[in-house]
Amino acid sequence: ARAADSAADEAAAAGFRFADLSASLVSDGRTHRLRYLLATLPQGRIAADAVLGGAAPFALDARAAIDAILEGRSVHAQAVLGDSLLTPRIQLDAQGEGLTARAEAEATPFEERLLCARRLSAGELDPAAFVEGAPRAALRIEAELAAPEAGDVLLAGPVRIDNRAPGTVDAGALPLESFAGRLAWRPAQISLDELDIRLPGEGRISGRVAWRPPAGAQPQGAQTAFGQLVAALELSAIDPARLDRRLPSQAVAGRLDAEADVQRQALTLALGVGAARVEADAALLAGERAGAPRSFSLSGKLRDVDPRALLATSPPARLNLDVDASGELPAAGLPQAARLDFRIPPSRFDQLPLQGRGRLVLAGERLPEVDLWPSAPARCAFASTTTVRALARRSWRSTSSPLSTPPTPSNLP
């Protein structure tokens, strides 16, 4: 009795509690029968019975049902286990408010590979019914996975999600029509290949996503490791206005490559946004110790940008820009150390030519280096080694005509 009480106390401490447990166990040495298993859990009431053969492969026939309240919603679930204890077949059906699901699995619990096949069918699911603030949708989920006979793949097969009620973000809906890919689950990696995401309109995202679990010891000061996420995606014919009506209607296409782990996050993109082109390489590195500033770097190019594509009342323009930036980001607040080098290739703004280059260096609240060389319609340059407030009282020169009075922040070009 003391052992039973101790086991119950340990289970309760681990978060598992039950009450009113009753059952009947009958055995003749050849067949073992568990009958009328009844128990009350914090989530609801469970009932089960099972028959187990006493000789290999230990024939199995078990059934269980539970009526529960999960997150304030009623759920009824049934589980059936068949075949044998060595190779059980498992079927789970669940019904509830906003939930209908069936999962089937073929297991090998006493072999290296725990599962040899798994099938899942669920829907229609509405995320908004389960998570406050989540977008509305009507999702149908299908997956059919199997374990190949050879190789290191544990499970592999197609996965698909269809949304029968796509919509826009501003309307509180999920802008997704379908999501499909081929899942491969290996001990060292879970990947989704042949990715095919369809968005409202003609929008499409294809490519590959993979996650690798943490390997070995983590560097000193590293936060809780989440492994490494790698993505290589191709975008085509995406209209932002079909995703959110507050965004301008354009055609977005291009490529995006990303890697992220606890120490480094990196992004490379090359996109066409209407007539404009955007290229960028960005990286964020963790500090050497917990709480230390993170370092960042950014290299980017903008070509043929027309601000009227974002704001119709903007003046006509064709803007180009090259940017190289680096610095440090504290755990909270604005950057305290940064350097920005930029170049404006030949551009036009409101019918005027525009060209130039510059450099800004930030150190705390000071700008110890500021160099700007605009070129149109007048060429100017200024440099400073003090704070922004004292900038106008330091060196200043104009290649077009000398200034009769020292500039002030209000009359700087």
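This is a predicted model: local features need pLDDT of at least 70, side-chain atom pairs count only at pLDDT 80 or more; totals for chains, interfaces and linings use all residues.
In which strand is Glu124 found? Glu124 sits in strand S8, which covers residues 115–125, and the legends below start from there.

**View 1. The cis peptide bond between Gly123 and Glu124.** Gly123 and Glu124 are joined by a cis peptide bond, with omega about 0°. Glu124 belongs to strand S8.

**View 2. The cis peptide bond from Ala56 to Pro57.** Another cis bond runs from Ala56 to Pro57, and its omega is near 10°. Pro57 is placed in a loop, with strand S3 (44–53) and strand S4 (60–70) on either side of that loop.

View 3. Have a look at the backbone of Asp20, where phi is near 55°, a positive value in a residue other than glycine. Asp20 is part of strand S1, residues 19–27. Is Asp20 buried or exposed? With a relative accessible area of 56%, Asp20 counts as exposed, because the cut-off for that class is over 50%. Asp83 is not a glycine either, and its phi is positive at about 75°. Asp83 lies in strand S5, residues 73–83. The relative accessible area of Asp83 is 43%, so Asp83 is partly exposed.

**View 4. The largest nonpolar core.** This core holds 20 residues, and Ile197 and Ile205 have the most contacts inside it. Strands that each supply at least two residues include S9 (139–146), S10 (155–163), S11 (178–186) and S12 (189–198). Strand S14 (228–238) and strand S16 (264–273) are also among these suppliers. The largest share, four residues, is contributed by S14. Nonpolar side chains tend to be buried together in soluble globular proteins.

**View 5. The surroundings of Ile197.** Which residues does Ile197 touch, once neighbours within four places in sequence are left aside? Its partners are Leu176, Ser178, Phe179, Gly203, Arg204 and Ile205.

**View 6. A second, separate core.** Six residues make up this core, among them Ala101, Ala122, Leu139 and Ile141.

**View 7. The second largest pocket.** About 190 Å³ of space lies in this pocket. Its lining includes Gln250, Val273, Gly274, Ala275, Ala276 and Val278. Also among the lining residues are Leu302, Asp304, Val305, Asp306, Ala309 and Leu310. Strand S17 (276–285) and strand S18 (294–305) are the elements that give two or more residues to the lining. S18 gives the most, with three residues. Sorted by class, the lining has eight nonpolar, two polar and two charged residues.

**View 8. The whole chain, with a word on confidence.** The protein chain has two helices and 24 strands. Of its 413 residues, 27% count as buried. Among contacts with a separation of 6 or more, 30% come from residues 24 or more positions apart. The chain averages a pLDDT of 84, and 85% of the residues score at least 70. Over residues 217–223, however, the pLDDT is below 50, and this stretch has nine contacts beyond near neighbours in sequence. Residues 376–413 likewise stay under 50 in pLDDT, and the model gives them 56 contacts beyond four places in sequence.

Terms used:
Residues are numbered from 1 along each chain as its sequence is written. Side-chain values use heavy atoms; hydrogens and water are left out. pLDDT is the predictor's confidence in each residue, from 0 to 100. Contact means heavy atoms within 4.5 Å. On a 1 Å grid over the protein atoms alone, a cavity is a set of points where a 1.4 Å probe fits but cannot get out, and a pocket is an open set with protein on both sides within 12 Å along at least five of seven lines; lining residues have an atom within 4 Å of a point. Grid points are joined across faces, edges and corners, and a volume is the space filled by probe spheres set on the points. Ala, Val, Leu, Ile, Met, Phe, Trp, Tyr, Cys and Pro count as nonpolar, Asp, Glu, Lys and Arg as charged, and the others, Gly among them, as polar. A nonpolar core is a set of buried Ala, Val, Leu, Ile, Met, Phe, Trp, Tyr and Cys residues joined through side-chain atoms within 4.5 Å. Buried means under 20% relative accessible area, exposed over 50%, partly exposed in between (1.4 Å probe, protein chains only).
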